[in-house]
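User: I am new to this structure. Please walk me through its aromatic rings.

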Amino acid sequence: MSIFVAAKDVSEQVADMGDTSFSTKMVFGNNASLMIASRPAGYHSRPHTHPCEQLNYVNSGELWVCIEDQAYFIQEGDFLRIPEGARHWSLNVSDAPCTVTEVHSPGLHADPMLSDFAEPLFDAEENIAYLGNPVNKFLDETDPFDVSVAESKIVQGAREASA
């Protein structure tokens, strides 16, 4: 292990979310993980929560992100924060992929969807003491939350943008 890893040595893998997937590279330390994730055109994640804060930066493309009952349209250069424990999901309704840099704190390196390829950034003698080991929790049909409320805002926003 090392506190440095060259880009060519961080493998890009597919994170399978059940109904959809995205490609990503991921590194982590004690307190945070960093992902470079590419969501293809037509991407639609399942609503989920995780016990960590998430910071997003859009490298390229555009994405709708729903947090609880609010919808946010984020584009290249935009930033977005998803609070710890908030229900959220995203949609790429454009014809092009969207690449997002995501920081999670505590890191999501222990999540089974990511743990097989997440690269640790530690020196050999460093004391490894994770801030936590959160994982994604996908919402199921028994959850009373109605995703259509937030997604209706996306439709309204798209109509207003094209008018």
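User: How many aromatic pairs does the structure hold?

Analyst: This is a predicted model. Rings count as a pair if their centres lie within 6.5 Å. The number of aromatic pairs in the structure is six.

User: Is the pair of Phe28 and Phe122 stacked, tilted or edge-to-face?

Analyst: The two ring centres are 6.2 Å apart. The planes stand at 70 degrees. An angle over 60 degrees counts as edge-to-face, so the pair of Phe28 and Phe122 is edge-to-face.

User: How many residues apart in sequence are the parts that this pair ties together?

Analyst: Phe28 lies in strand 2, residues 21-28. Phe122 lies in the loop between strand 11 (119-120) and strand 12 (137-138). The pair therefore ties together parts whose separation in sequence is 94 residues.

User: Are Phe28 and Phe122 buried or exposed?

Analyst: Buried means under 20% relative accessible area. Phe28 falls in that class, and Phe122 does too: both are buried.

User: What kind of pair do Tyr57 and Phe79 form?

Analyst: Their ring centres lie 4.9 Å apart. The planes are at 45 degrees, so the pair is tilted.

User: Which strands hold Tyr57 and Phe79?

Analyst: The pair ties together parts 22 residues apart in sequence. Tyr57 lies in strand 5 (residues 53-60), and Phe79 lies in strand 8 (residues 79-82).

User: Is Phe79 buried or exposed?

Analyst: Its relative accessible area is 64%. Exposed means over 50%, so Phe79 is exposed.

User: Which residue lies over the face of Phe22?

Analyst: The distance from the ring centre is 4.5 Å. The residue over the face of Phe22 is Arg39.

How values were computed: Residues numbered from 1 in each chain as written. Predicted model: local features only at pLDDT ≥ 70, side-chain atom pairs only at ≥ 80, totals over all residues. Heavy atoms only, no water. Phe/Tyr/Trp six-rings, centres within 6.5 Å; stacked < 30°, edge-to-face > 60°. Helix = DSSP H or I, 4+ residues; strand = E, 2+ residues; numbered from the N terminus. Buried < 20%, exposed > 50% of the residue type's maximum accessible area, 1.4 Å probe, protein only. Lys NZ or Arg CZ within 6 Å of the ring centre and 35° of its normal.
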